[in-house]
Each structure stands twice: as C-alpha cells, then as structure tokens.
Amino acid sequence: MNPYPLEGIRRKPELLAPGGSFEKARIAYLYGADAVYVGGKALNLRMRSKNLGDEDLAALAFLARRSGKGLYVTLNSLMRPRDLGPLKAALEYLRDIQAGGVIVGDPGAVLLARELAPGLPLHLSTQVSTMNHLSARFWEAEGIRRINLARELSLDEIQAIRRETSMELEVFVHGSLCVSYSGRCLLSHTMTGRSANNGHCAQPCRWTYRLVEEKRPGEYFPVGEGPDGSYILNSRDLCLIDDLPRLARAGIDALKIEGRMKGAHYVASVTRAYRRTLDACWPPTVDAGPDHTSRNDLLAVSHRPYTRAFLFPDSPQSPPEIDAETSLVQTHTLAGIVRAMPRLQGEDVDIVKPSSQAAPSWTCLEVRSQLRLGQTLHFLFPDGRTLRHPLQVMENHLGQSLATAHPNTLVRLPVPFSTFPLQVVRLSRPH
Ligand code: SF4
C-alpha cells in the first residue's frame, strides 16, 4: 500500500515545459519551468521540431545542473532493429553529459538504458498508455522512476493509481491531443507514409475532409459539420489550469505542458501561466485558480478551443475532444525576442551606438513579426507583469531610424524599463 495517502502531499509538483530548441528550453526555464524535456536529433516523437544537437544538449545539461533545474531527453520512438545502434550511442552520450533523465517508451530501450547508464533516471512515455497501478508497479520493477500516465485517465482513476504506488507520477496538463490514444495511431502512416510512432506525424487528423462519391471523381461535397467545413477527426487542446489544485492535492509529482513544435511565445506564456497558478494554489489546501493574467496568457497563444478532455468523464461537457472549429485562434503574436545589446569593440566594428544619447534602457530586439511605429509592444516578465511600450523610435544596427522592421532583423529601441536577454515580446493581433 502506498505510504502516501491521497491527501498526504510529498512535494510541490514539478512544472515540466517543452524545449523544442536550445533557445526555447532556456526561455522555458526563464518563465518558470522546473524542468524541460527536449529531443536530440534522433529517436524521439517530434522529429519535425528543431531539436538539439549534441553540443546544445551538453550545454543545456550543464545549465540545468548549475541552476538546479531538470532536463529530460526523449528517446521515446518505437524502436526497430536499425534504431538500436543509435539508441546505444544516445544513451552513452546522455550518461556522459549527466542528463537529468531520459524518456523512453520501448521496453528494449529500458533494458539497454539499465545496462549502459544505470545512473540515468528513466521516465516512461505517455505513449505506453499506463492506465492502472499494476502497470505502474510493473514498470517500477523494471527500473522506471517516473511514469507519464495515459492522457485518457479521469481524475478518479489518477487518484486510484496514486493510492497504490509511491513511484513518481506525471500527467499532461496542457497542449494538443491526439484523437487516438496518444501516438497509437496509424493515420499519418497510412495516408502519407510518415509514422507518428517515429516522430513524423503529418497530423491528418487536423485536415479538412469532404465527401466524394466514387463515380464522380473531382466532385467534393461539403460535410456540413460547421460553418468552416468538417474536421471530423480534429481534437480540441487540453487545458487543465483550473484543475491544478486538485492535481496537486492528488499527489501528482509532475505537471507537463505539451508543445515541442510550438514557438517561443507559446513556451513563455503557457509556462508563465501554469507557474503562477501552481504557486498560487500551493500549499494545496488553497483552491486558488488562474488569475486574469494567466487566463489571458493561455488565450494569447495559438490554440484550438480548450477542453478538460477525460478528467471528468461524467461532466456534461465531456468528452468534447472533437470540434468542428479547427482553426487555431490567438489574441497575440510573437513580436520579437530580446537579445543582448551588441557591444562596441573597436573603431572598425560596424555596430555603432544608438543615434540618440546612449541610454541604459536601449534594448535590442530580434524581430519575429513585422513591426511598425505606432504599434504597442508587450514585454512579458516571469512574475506576471506585462509592460506595454508604444513603439515610437526604432533603429537598425547602423543607428538609422526605421519606420518598419522585418522579421529576422535586429533593431534597437529605447524602453523605460529594464529588459533581459531572451525576454519574449508580443503584439496584439488585429481582429
Ligand atoms: S494523426 Fe493525429 S491522432 Fe494520429 S498521431 Fe498524428 S496527431 Fe495523433
């Protein structure tokens, strides 16, 4: 029997955010993640994400250790015989750089990891679909330290598992959902030859479908599910921010945000929202929910309509996973990312001081959306503040005034507050 009764809280849940690239992993840490999960260049389920090369992995492992954060590396694709060589090399490398843990889904990978890297903590991927405490105990006996439970469990079922095992339990709280059991889907492979189980999903469940009568090729009949067409396989996005007090009370060890394919704006906003809400409801006798800022952060990023999916199967809204409204919605977009101000290093450098009086409040921005004077920039701070700044002055690296700035350029602008490198800056989207 679990020595930890349901209400016997062990520790504050870890907030785990996606790190789709070296930069996004560092942004996740800055905006409040206790740990990030990342993919290397092989054998993970997000092969279309930028992922991290060996040097970035080593640098991030060092950064994580130095700052007391977690770093977990995904090796969770289904392994074919040809994958076992790269798997061996990856495990040895992760052992050598002292990664905080590795996320696996294949029993062979568990076996090999125990043999080659016995000190490397093993986390079981949600793709294994662990749905009861006996499965959890099985994996614990096999050397798994933490299980990411199946997304398809209700809160009652999660609590039942918690009562029967003391191993670390992790649940997804936010992000995209599969219309099938996570990853156990052949749709993409069948329709495009790209396997979801090896990280190449083309997401055909999000596509628009029409009806064709076989003797009338080329005639596409609309299926009138909604005004925008028919998205019969399209899932809403998971959002459990209102349920953090319940999950914390249930003794869940880690809360995971999905989204290694998402951008810096998503990582900063969603991590900040969950960080602040989790802090507000801890200790878990407090039933605090998300405040206005956190709710706005979740609406600001690109998302489908939100759902609590399987957590409360008897609620009238459940199961609302399929939605005719497939279009992604968002109230804001990424304007840019703050960079360290280039320094003058000598007479012959092509970087000059800003043309106005050089002030400590000049900030350097890597532009990600087209900027125009007159717009209002929103600078996101990890503590929940969002400082607005009307864009009245903007210069290029030669000190020339700009009226507009294009994506992937560097500009500098005077702001009346301190900023920091990797700070995320957003813009309202026109309605
Ligand atoms: S096609 Fe859709 S349901 Fe299937 S694995 Fe890809 S995202 Fe998931």
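**Fold and confidence of the predicted chain**

Ile 337 has Val 424, in β18, as its bridge partner. The strands concerned, β11 (residues 332–339) and β18 (residues 424–428), are paired in the antiparallel sense over five bridges, where pairing requires that DSSP finds at least two bridges between two strands. The structure is a predicted model, in which local features need pLDDT of at least 70, side-chain atom pairs count only at pLDDT 80 or more, and totals for chains, interfaces and linings use all residues. Residues are numbered from 1 along each chain as its sequence is written.

Both strands belong to an open sheet of six strands with antiparallel pairing, in the order β15-β14-β18-β11-β12-β17. At its edges lie β15 (386–390) and β17 (410–414), each of which pairs on one side only. From one strand to the next the twist averages 35°.

Overall, the protein chain contains ten helices and 18 strands, these being DSSP runs (helices H or I, at least four residues; strands E, at least two) numbered from the N terminus. Of its 431 residues, 42% count as buried, that is, with 20 or more other C-beta atoms, placed from the backbone, within 10 Å of their own. Among contacts (C-beta atoms, placed from the backbone, within 7 Å) with a separation of 6 or more, 68% are accounted for by residues 24 or more positions apart.

The mean pLDDT, the predictor's confidence in each residue from 0 to 100, is 88 for the protein chain, with 87% of residues reaching 70 or more. Over residues 1–7 pLDDT stays under 50, and the model has 15 contacts beyond four places in sequence for this stretch; over residues 344–359 pLDDT likewise stays under 50, with 17 such contacts.

Methods:
Buried ≥ 20, exposed ≤ 12 C-beta atoms within 10 Å, placed from the backbone. Contact = placed C-beta atoms within 7 Å. Axes fitted to C-alpha atoms, helices over the stretch in contact; angles between N-to-C directions.
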